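Open the model in your viewer and keep the selection tool at hand. The stops below say what to pick next and what is there.

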Protein chains: 2
Amino acid sequence: MTTTEQTDTQAILAVLDEVHAAIAAGDAERALAAGAPDTVAFTLAPPLVQPSGSPGEAVAGLAEWIASFAAPPRLAHREPTVHVDGDVAFVHTLTSMSGVKGGEFTLWFRSTYGLRRVDGRWLIVHQHESVPFHMDGSFRAAVELAP
Amino acid sequence: MTTTEQTDTQAILAVLDEVHAAIAAGDAERALAAGAPDTVAFTLAPPLVQPSGSPGEAVAGLAEWIASFAAPPRLAHREPTVHVDGDVAFVHTLTSMSGVKGGEFTLWFRSTYGLRRVDGRWLIVHQHESVPFHMDGSFRAAVELAP
């Protein structure tokens, strides 16, 4: 890996960590600061693609989601892999989310991020989060898996 | 978009189309030719991350999957978006899969690809496919959605 790649990789991972730190602090606006205005999000919840609302709507939606937990959930990436060249990058990783909603839980899911550097800042332009589903005819989401 | 980006975008989309054409032809080895040996796959089916077996195992696994349908399934991307700079690219899109297994069905899912250009060839180094799941307490995979 070149020095440039190493520097960019660190900057990209810092952006992703900042999002988790902001969520843990219950700060929806700060969590969305690294997102491009037209980011394309494939989330754990339906629909297939999140509709791109106004920035205000996005902040309100995330704040409502954070408030649905007894305390802000804690998210962490496990050994994220970064591929970067020039101003385009993608990251894949497993992610854990721990929180209290009803009971205490930890959910492991897969995360892929697509980023672009715009005016010197890495922005998340695409995010894909998921769990697989069981192919035994039950169509149950596999929320019980762990690495 | 620069001419280079346009050329790279066309080359990347051709790689993805080639995979679908190979699956439609029932040719597992050809379908996997665009995959890097150490590609990291987050698939519709568990586990969270597909174990990276030998190339022979990968071909056998895909051939078995294709053979589980009455005829090879047909896959198509819907308006894929490509981000590329230098030798790194990512693509996000919705994908339809139509086939006959039990009954006739069409499944819509989200796809993200990460690619690297190695020795002049675009290789798929990461693939993430998923449907969301219902947050109504049922944990049902949302296999009934369409764009």
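**Start at the sheet**

Select β3 and β4 of chain A: they run antiparallel and are joined by 14 bridges. Strands here are DSSP runs of E, at least two residues long, and helices are runs of H or I of at least four, both numbered from the N terminus. Two strands pair if DSSP finds at least two bridges between them. This is a predicted model: local features need pLDDT of at least 70, side-chain atom pairs count only at pLDDT 80 or more, and totals for chains, interfaces and linings use all residues. Residues are numbered from 1 along each chain as its sequence is written, while chains are lettered from A and ligands numbered from 1 in the order in which they are written.

Zoom in on A:His92, which stands opposite A:Thr112 in β4(A). Then pick A:Gly102. In this hairpin, with one residue between β3(A) and β4(A), A:Gly102 takes a positive phi near 75°.

Move to β2(A). Ten bridges join β2(A) to β3(A), and the two run antiparallel. A:Arg74 faces A:Ser98 in β3(A) as its opposite residue. The β2(A)-β3(A) hairpin has two residues between the strands, and A:Gly86 there has a positive phi near 55°.

Now show β1(A) with β5(A), residues 121-130. They pair in the parallel sense over four bridges. A:Ala41 stands opposite A:Gln127 in β5(A).

Zoom out. The five strands form an open sheet in the order β1-β5-β4-β3-β2 (chain A), with mixed pairing. β1 (35-42) and β2 (74-85) of chain A are at the edges with a single partner strand each, so one side of each has no neighbour in the sheet.

**Next, the helix**

Select α1(A), residues 3-24. It lies across β2, β3, β4 and β5 of chain A; contact means C-beta atoms, placed from the backbone, within 7 Å.

Which residues of α1(A) are buried? Colour A:Asp8, A:Ile12, A:Leu16, A:Ala22 and A:Ile23. Buried means 20 or more other C-beta atoms within 10 Å of a residue's own, exposed 12 or fewer, partly exposed in between, with C-beta atoms placed from the backbone. Down the axis of α1(A), the buried residues fall within an arc of 125°, so they line one face of the helix. That arc is taken from the directions from helix axis to C-beta atoms.

**Last, chain B**

Show both chains. 39 residues of chain B are in contact with 39 residues of chain A.

Notes: Contact = placed C-beta atoms within 7 Å. Axes fitted to C-alpha atoms, helices over the stretch in contact; angles between N-to-C directions.
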